[in-house]
Amino acid sequence: MAAGIALAACSPQEQKIEVGNYLGFDRNGELITAVVDLSKDHILKDAQGNEVPYQVSGNKILFQANVPADSVAVYTWVEGSPSPVKPLTTAFFLGDRRKDDFCWENDKAAYRMYGPALLPENPSSGVDLWLKRSSQLSADAMYKQEEAGKPYHIDYGLGIDSYKVGHAAGCGGVAIVSGGQIWPGGPFSKYEILQEGPLQTIFRLSYDSVQVGNSILTEEITITVNAGANLNKAEVVLKGEEIDDIQVGGAIFLHDSLQHLECNPELNIVTYAESANSDKGIYAIHQKMGLDATQLDFGRNYCAILVPGAENFNRYENTQVATRSYQIGSPFTYYFGGAWSKRDYATDEEWMFAIQNDAICMENPLKVIVR
């Protein structure tokens, strides 16, 4: 995320925010930050005078910028009463509603990770992907449909959970590699929502017993979800005794049959696409509800990981990882996310191209100057 640089203001009532894109393609919907005057209510406007939604975070604002290729977009920060902002991100704990699931989403996709109540079913610390029909926040509504007798493994118009996590990494879970094998973790022990807003939500999950070889570590993963982003940001810290050969990164569960996997060491990314029915149990669930799922087109689901500084792109049975050497106790950052062919990316190639662009954009953040 680009950071704003505060310079001398034009006047106490108005500031200009210049956002520079120095790449050869348009950059739309990227969440950026700017340090501005927050002493009074303000409206943010684009160059055409249209109001732009924003979220206040500390001493800065977050908003989604649209900047054409090789251009500078100018936004105006002017005193006034802003309109309510449509929520595009959220995170929530299900507790007794659904065996301690922790769920989050943005306008692109929804995700969940498993909590302690699911321990008897041997869950992993992997990431489950929920496919969404629209940009509306819909995960809570899908849970409510489930509670009303309409399983979220069936698409009733909001989306569908058709992705199998298994005791594996799912769509972008943490990869911990040591002794020539991958060590999937179990459910989280506790959660904390650090920030919840319409354009950015941040939360932390803690794991108190992560086995790696003969060692037991603790883990904290802090996840940032931004409006308009294909990828979530994950900041991981493992604590415990030193492990000489430990590697940490992101991972993707490849399910029963490998379909379309690409590793790009130059951009530090792995992209994956498959038929969006990896959880074969959805056929039985449809049949129970009087529906023939064999006649349905589930489309394609997509996953990706981006691991800055990745050193190894290895496969451990049905899990593809991108990892690098890790020092116990130090912070480690990577990115992960997924999508659906029935939404933004109609083909595998479109998804993979989008993730390549995301990687390039992270290496070349938008330049923000406040005047």
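Visitor: How much space lies in the largest pocket?

Guide: About 1000 Å³ of space lies in the largest pocket. The model is predicted, and the values here are computed from it.

Visitor: Which residues lie nearest the centre of the largest pocket?

Guide: Those nearest the centre are E30, A229, D358, C361 and M362, from a lining of 39 residues. Strand 3 (27-35), strand 16, strand 17 (215-226), strand 18 (232-239) and helix 3 each give two or more residues to that lining.

Visitor: Which element gives the largest share of the lining?

Guide: Helix 3 does, with 8 residues.

Visitor: How should I read the nonpolar cores?

Guide: The general idea is that nonpolar side chains tend to be buried together in soluble globular proteins. In this model the largest nonpolar core has 56 residues, and W104, I221, L238, I246 and Y334 have the most contacts inside it. Strand 16 (residues 200-212) supplies the largest share of this core, 5 residues.

Visitor: Which residues belong to the other core that lies apart from it?

Guide: That core has 18 residues, including V36, I61, V67 and L366.

Visitor: Next, the aromatic pairs. How many are there?

Guide: The count comes to 20 aromatic pairs. Take F92 and Y143 as a worked case. Their ring centres are 6.2 Å apart and their planes stand at 80°, so the pair is edge-to-face, the label for planes over 60 degrees apart.

Visitor: Which parts of the chain does that pair tie together?

Guide: F92 lies in strand 8 (residues 90-93) and Y143 in helix 1 (residues 139-147), so the pair ties together parts 51 residues apart in sequence.

Visitor: Is F92 buried or exposed?

Guide: F92 counts as buried, at 15% relative accessibility. Y143 also counts as buried, at 1%. The cut-off for buried is under 20%.

Visitor: What about the geometry of Y334 and F336?

Guide: The ring centres of Y334 and F336 are 5.9 Å apart and the planes are at 35°, so this pair is tilted. Y334 and F336 are both buried. They also belong to a cluster linked by ring pairs, whose other members are F93, F102, W104, Y111, F188, Y191, F203 and F332.

Visitor: Which residue lies over the face of Y156?

Guide: K150 does, at 5.4 Å from the ring centre.

Visitor: How many salt bridges does a search of the whole structure find?

Guide: The search finds 19 salt bridges. In one of them E147 pairs with R97, with the closest N and O atoms 2.7 Å apart. E147 is in helix 1 and R97 in the loop between strand 8 and strand 9 (102-105), so to speak of sequence, this pair links distant parts of the chain, 50 residues apart. E147 is partly exposed, with a relative accessible area of 46%, and R97 is partly exposed as well, at 38%.

Visitor: Where do R112 and D128 lie?

Guide: R112 lies in strand 10 (residues 110-113) and D128 in strand 11 (residues 128-132), so their pair ties together parts 16 residues apart in sequence. The closest N and O atoms of this salt bridge are 2.9 Å apart. R112 is buried, with a relative accessible area of 4%, and D128 is buried at 1%.

Visitor: And the salt bridge between D348 and R300: how far apart are the closest N and O atoms?

Guide: They are 2.7 Å apart. D348 is in helix 3 (residues 348-363) and R300 in strand 22 (residues 300-306), and the pair links these distant parts of the chain, 48 residues apart. D348 counts as buried at 10% relative accessibility, whereas R300 counts as partly exposed at 21%.

Visitor: Which residues do salt bridges with shared partners join into one network?

Guide: The network consists of R98, D101, R112, D128 and D161.

Visitor: Last, the backbone. What should I look for in phi?

Guide: Most residues other than glycine have a negative phi. K99 is not a glycine, yet has a positive phi of about 50°. K99 lies in the loop between strand 8 and strand 9 and counts as partly exposed, at 37% relative accessibility.

Visitor: What is phi of N122 near?

Guide: Phi of N122 is near 55°, again a positive value in a residue other than glycine. N122 lies in the loop between strand 10 and strand 11.

Technical notes. Residues numbered from 1 in each chain as written. Predicted model: local features only at pLDDT ≥ 70, side-chain atom pairs only at ≥ 80, totals over all residues. Heavy atoms only, no water. Core = buried A, V, L, I, M, F, W, Y, C linked by side-chain atoms within 4.5 Å. Buried < 20%, exposed > 50% of the residue type's maximum accessible area, 1.4 Å probe, protein only. Helix = DSSP H or I, 4+ residues; strand = E, 2+ residues; numbered from the N terminus. Phe/Tyr/Trp six-rings, centres within 6.5 Å; stacked < 30°, edge-to-face > 60°. Lys NZ or Arg CZ within 6 Å of the ring centre and 35° of its normal. Salt bridge = Lys/Arg side-chain N within 4 Å of Asp/Glu carboxyl O. 1 Å grid on protein atoms, 1.4 Å probe; cavity = no way out; pocket = protein on both sides within 12 Å on 5 of 7 lines; lining within 4 Å. Points joined across faces, edges and corners; volume = space filled by probe spheres on them.
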